[in-house]
Amino acid sequence: MWPLVAALLLGSWCCGSAQLLLSKVKSVEFTGCNETVIIPCFVLNVEAQSTKEMFVKWKLNRTYIFIYDGNVNNSTVDSNFSSAKISVVDLLKGDASLKMDKRDAVVGNYTCEVTELIREGKTVVELKYRMGKYTKCLASSSWFSPNEKILIVIFPVLAILLFWGKFGILTLKYKSARTNKRIILLLIAGLVLTVIVIVGAILFIPGEYPVKNASGLGLIVISTGILILLQYNVFMTAFGMTSFTIAILITQVLGYVLAVVGLCLCIMACEPVHGPLLISDLGVIALAELLGLVYMKFVGNSVYEQKPRNYH
């Protein structure tokens with residue numbers, strides 16, 4: 001008996017492990033953004049020298065949907081999964097992953113069975129679908145780079161700080177009995193805007209929750225439209241409209257419209273590449289606030305002094 005055991009051990013040592021070892025992947029996800037779905041299956045101890053020694057079977061639940069017979073180099077595919085295939089040239093590298101078009105992908109448990117001569121192994125991978133067209137994009141750390149995220153937050157915050165600078169000038173230089181009510185309304189609106197942007201930044205900056213990120217970004221971008229109304233009311237409260245202030249407001253409106261367009265493009269695209277557009281438009285909004293502050297500080301005062309005394 002001992003010679004038989006020794007022979008079996010020697011044969012096992014010569015031929016490698018008696019069982020194929022497959023990597024363990026519990027589940028993979030796909031979304032509406034995917035054009036191709038890949039279900040991974042990797043053999044860790046392939047020793048075959050030719051694909052003729054390989055045999056691969058994929059089944060969904062209990063139904064075989066794809067079979068590859070290396071001996072005759074032929075694939076058999078279920079009619080409901082017509083796009084299903086594997087990369088034959090990668091089999092000897094241990095890659096038996098199943099690829100298929102999104103239209104053929106069905107949620108469920110997929111079993112990968114690989115045979116190499118007398119050795120075999122199998123693994124089960126669950127395919128899941130994640131709802132939401134943009135969740136794949138938002139979940140990706142590359143949706144916005146860290147520097148882009150910083151700029152997206154900094155420009156609106158800078159614009160708000162510039163507004164508060166104008167508000168300070170307004171209360172110090174242009175305050176009158178008639179403007180008290182407007183100043184109070186500007187104060188309340190400015191505080192509300194500040195809170196909205198802070199909340200938006202808190203939701204947007206972390207990268208773990210896609211819907212949360214999108215909500216934060218929406219709050220940041222959409223709320224900057226309030227700055228247009230605030231800027232207009234600051235000008236009207238201080239000294240009225242001039243050709244230069246009109247030009248500033250037009251610039252700010254254009255920047256806001258393009259920022260909203262950039263927001264929509266970023267969220268709706270499967271591979272967002274419009275981050276720079278969004279950032280530049282938020283920069284235009286901040287620039288308009290800066291021009292408004294400079295105008296009030298250095299030019300607006302002289303305009304105010306030229307107005308009739310009973311203007312306010």
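Which residue in the turn of the E4 and E5 hairpin has a positive phi? Let's start there, everyone. It is Asn73, with a phi of about 50 degrees, and the hairpin leaves four residues between its two strands.

A quick word on what we are looking at. This is a predicted model, where local features need pLDDT of at least 70 and side-chain atom pairs count only at pLDDT 80 or more, while totals for chains, interfaces and linings use all residues. Residues are numbered from 1 along each chain as its sequence is written, and side-chain values use heavy atoms, with hydrogens and water left out.

Strand E4 covers 63–69 and strand E5 covers 74–77, with Asn73 in the loop between them; strands here are DSSP runs of E with at least two residues, helices are runs of H or I with at least four, and both are numbered from the N terminus. The two strands run antiparallel, joined by four bridges, and pairing requires that DSSP finds at least two. One example is Phe66, whose bridge partner in E5 is Val77. Asn73 itself is exposed, at 53% relative accessible area. For the terms, buried is under 20%, exposed is over 50% and partly exposed is in between, using a 1.4 Å probe and protein chains only.

Leu117 also has a positive phi, near 55 degrees, and is not a glycine. You will find Leu117 in the loop between strand E7 (108–116) and strand E8 (119–129), and with 59% relative accessibility it counts as exposed.

Now to the helices. Buried residues in H3 include Ile152, Pro156, Phe163 and Leu170.

The unreviewed UniProt entry places "transmembrane region" at 150–172, 184–205, 217–235, 247–270 and 282–300, though such annotations may be inferred rather than shown by experiment. In the model, residues 184–205 are 95% helix and 0% strand, with end C-alpha atoms 32 Å apart. For residues 217–235, that distance is 29 Å, again with 95% helix and 0% strand.

Last stop, the surface. Phe244, Leu287, Leu290, Leu291, Val294, Phe298 and Val299 form a nonpolar patch with about 610 Å² of accessible area together. Helix H8 (residues 275–306) gives the largest share, six residues. Among them is Leu290, partly exposed at 39% relative accessible area.

Definitions and conventions:
Patch = residues over 30% accessible without salt bridge, like charges linked within 9 Å, V, L, I, M, F, W, Y side chains within 5 Å. Areas by Shrake-Rupley, 256 points an atom, 1.4 Å probe, with all protein chains shown as cover. Salt bridge = Lys/Arg side-chain N within 4 Å of Asp/Glu carboxyl O.
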